[in-house]
Amino acid sequence: MVLSCLGMAIALTGAVAVLLAFPEPLYAYQVAEGRLRLYSDHPFDPAHGRAILDDIERRLDKAPAVLADPTSVYRIFVTNEDWRKRLVFLWSYGAGGLNYYPLGGGVFVRQSDIEVNRVLRSNGTPVEPPRTLAYYSAHEIGHSLTARHIGALANWRLPAWQREGLADWIGYGGEVDINDLMRAYRAGDPDLDPKQSGTYSRYRLLVAYFLRHEHWSVDQLLASGLSREDAESRLVAGLPH
């Protein structure tokens, strides 16, 4: 009985892994542009889909050169139906996007309105810009770029501020107003508290500080081993009032 249950667990795990690596059968609608593929379980205007892929590519093109990956194909799966979302988001059902690297080259984004480049909350209201569908997609692909550079295990061992902050930097196409974010940080803006906001502005600020102000390379950043507390101490000391 124990061996039978173990065998079933192994078979189920294998089936889930295959599903996450090759989810195309669950998504009937798609459009391609260059190295990017956009899939959805709801129909959408291909012209709007290609515009989003162009926006994603623009953001990826601004990623640090050491992370550049101009040849790999990346797939974005927009998951609208609840039963599909439960299949592919698993324990992270409430997340905006997910990346299971190294299981294939696909990332998953929650329900979205492709026509207007918006991710939707569970109540159907759109997430406000600048966190667009293109942003969420580029952020998740950013995790693949980092993991491809340093290895999947090393990527997951990174402190959250490095792993999520660098992905957010990529998601925003490198457009980070350090002074504006620093004012919000000093003011205790809840958007800079990931636990309250669910966003990574605080971590993006830290990454931008080290890459721009301290002139670190990406490899220096990823190898620094700094805790978030130590990184924030350097930030505050380096950008006094």
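# Notes on a predicted fold

1. Let's start at Leu90, which sits in the loop between helix 3 (82-89) and strand 4. Helices (H or I, at least four residues) and strands (E, at least two) are DSSP runs here, numbered from the N terminus. Leu90 isn't a glycine, yet its phi is positive, at about 50°. With a relative accessibility of 26%, Leu90 counts as partly exposed; the cut-offs are under 20% relative accessible area for buried, over 50% for exposed and anything in between for partly exposed (1.4 Å probe, protein chains only).

2. A word on what you're looking at. This is a predicted model, where local features need pLDDT of at least 70 and side-chain atom pairs count only at pLDDT 80 or more, while totals for chains, interfaces and linings use all residues. Residues are numbered from 1 along each chain as its sequence is written, and side-chain values use heavy atoms, with hydrogens and water left out.

3. Now the whole chain. There are 11 helices and seven strands in the protein chain. Its radius of gyration is 19 Å, close to the 18 Å from the globule rule for 241 residues, so the chain is as compact as a globular protein of that length. (That radius is taken over C-alpha atoms, and the rule is 2.2 Å times the number of residues to the power 0.38.) Along the principal axes, the C-alpha atoms fill a box of roughly 60 × 50 × 35 Å.

4. The chain exposes about 11,700 Å², and 57% of that comes from carbon and sulfur atoms; the areas come from the Shrake-Rupley method with a 1.4 Å probe, and for residues only the protein chains shown count as cover. Take the contacts (heavy atoms within 4.5 Å) between residues at least 6 apart in sequence: 62% of them join residues at least 24 apart.

5. Asp55, Arg58, Arg59, Lys62 and Glu175 are tied together in a network of them.

6. Arg35 counts as buried, at 11% relative accessibility.

7. Two further bridges are worth a click. Glu128 and Arg121 meet at 2.7 Å, N to O; Glu128 is partly exposed at 46% relative accessibility, and Arg121 is partly exposed at 32%. In the bridge between Glu232 and Arg228, the closest N and O atoms are 3.3 Å apart. About one helical turn separates Glu232 and Arg228, because they are four residues apart in helix 11 (residues 228-238). Glu232 is buried, with a relative accessible area of 10%, whereas Arg228 is partly exposed at 29%.

8. What does Leu98 touch? Leaving aside residues up to four places away in sequence, Leu98 touches Val88, Phe89, Ser92, Val107, Phe108 and Glu140. Leu98 belongs to strand 4 (residues 97-99) and is buried, with a relative accessible area of 13%. Leu98 and Ala134 are 36 residues apart in sequence, and 14 Å separates their C-alpha atoms.

9. Most residues other than glycine have a negative phi, and most peptide bonds are trans. Asn117, in the loop between strand 6 (112-113) and strand 7, has a positive phi near 60° and counts as buried at 14% relative accessibility. The Tyr101 to Pro102 peptide bond is cis, with omega near 10°, and Pro102 is in the loop between strand 4 and strand 5 (106-109). Pro129 and Pro130 are also joined by a cis peptide bond, with omega about 10°; Pro130 lies in the loop between strand 7 (118-119) and helix 4 (133-150).

Key:
A salt bridge is a side-chain nitrogen of Lys or Arg within 4 Å of a carboxyl oxygen of Asp or Glu.
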